[in-house]
Amino acid sequence: MITTEKLKTDLIELFNLEGVHTEEIADDDHLFGDGLGLDSVDAIELTIFLDNEYGIVFNNISESEAVFASIQALQEYINTHESH
């Protein structure tokens with residue numbers, strides 16, 4: 001089971017978010033746009049990360065849109081779908 005704090009740390013490391021600290025990221029912050037500011041290339045990296053770390057594979061893009069809505073949505077999805 002992953003906590004939101006661990007997920008925030010992983011995302012900061014994965015995307016080299018220099019100067020960003022876990023306490024600055026709210027659980028309901030969006031991953032894309034106004035939140036962490038991730039883009040479509042980052043979405044691909046995040047998808048690969050989820051597959052490698054948690055065995056999570058999305059069958060279609062519309063499924064990932066809701067999961068990538070916020071830190072908390074991603075954390076909940078990982079905890080219910082992790083296959084490792």
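## Before we start

Residues are counted from 1 along each chain as its sequence is written, and side-chain values rest on heavy atoms, with hydrogens and water left out. Since this is a predicted model, local features need pLDDT of at least 70 and side-chain atom pairs count only at pLDDT 80 or more, while totals for chains, interfaces and linings use all residues.

Let's begin with α1, which covers residues 4-14. Helices here are DSSP runs of H or I with at least four residues (strands would be E runs of at least two), numbered from the N terminus. Which residues of α1 are buried? They are Thr4, Leu7, Lys8, Asp10, Leu11 and Ile12. "Buried" means under 20% relative accessible area, "exposed" means over 50%, and "partly exposed" is in between, using a 1.4 Å probe and protein chains only. As background, an α-helix has 3.6 residues a turn, so residues three or four places apart point the same way. The buried residues of α1 pack against α2 (40-54) and α4 (71-81).

Leaving aside residues up to four places away in sequence, leucine 7 touches Ile2, Ile71, Leu74, Gln75 and Ile78; a contact means heavy atoms within 4.5 Å. Take isoleucine 71: in sequence it is 64 residues from leucine 7, yet the two C-alpha atoms are 7.6 Å apart in space.

## The nonpolar core

The largest nonpolar core has 22 residues. A core of this kind is a set of buried Ala, Val, Leu, Ile, Met, Phe, Trp, Tyr and Cys residues joined through side-chain atoms within 4.5 Å. Which members touch the most other members? Leu31, Leu46, Leu50 and Leu74 do. The elements giving two or more residues to this core are α1, α2 and α4.

Leucine 50 has contacts with Gly55, Ile56, Phe58, Phe68, Leu74 and Ile78, again not counting residues up to four places away in sequence.

## Rings that pair up

How many aromatic pairs turn up in the whole structure? A search finds 4. Rings of Phe, Tyr and Trp (its six-membered ring) pair if their centres lie within 6.5 Å; planes under 30 degrees apart are stacked, over 60 edge-to-face, and the rest tilted. The pair of phenylalanine 32 and phenylalanine 68 is tilted, because the ring centres are 6.1 Å apart and the planes are at 35°. Phenylalanine 32 is in the loop between α1 and α2 and phenylalanine 68 in the loop between α3 and α4, so this pair ties together parts that are 36 residues apart in sequence. Phenylalanine 32 is partly exposed, at 25% relative accessibility, whereas phenylalanine 68 is buried, at 8%.

Phenylalanine 49 and tyrosine 54 make an edge-to-face pair, with 6.0 Å centre to centre and 80° between the planes. Phenylalanine 49 is buried, with a relative accessible area of 13%, and tyrosine 54 is buried too, with 8%. Ring pairs also link Phe32, Phe58, Phe68 and Tyr77 into a cluster.

## The largest pocket

The largest pocket holds about 230 Å³ of space. On a 1 Å grid over the protein atoms alone, a pocket is an open set of points where a 1.4 Å probe fits, with protein on both sides within 12 Å along at least five of seven lines; lining residues have an atom within 4 Å of a point. Points are joined across faces, edges and corners, and the volume is the space filled by probe spheres set on them.

Of the 14 lining residues, Ala43, Thr47, Ile61, Ser64 and Phe68 are the closest to the pocket's centre. Two or more lining residues come from each of α2 and α3 (61-67), and α2 gives the most, with 4. The lining divides into 9 nonpolar, 3 polar and 2 charged residues. Here Ala, Val, Leu, Ile, Met, Phe, Trp, Tyr, Cys and Pro count as nonpolar, Asp, Glu, Lys and Arg as charged, and the others, Gly among them, as polar.

Asparagine 16 lies in the loop between α1 and α2 and is exposed, at 59% relative accessibility. Its phi is positive, near 50°, in a residue other than glycine. Most residues other than glycine have a negative phi.

Glutamate 53, in helix α2, is partly exposed at 43%. Asparagine 59, in the loop between α2 and α3, is exposed at 72%.
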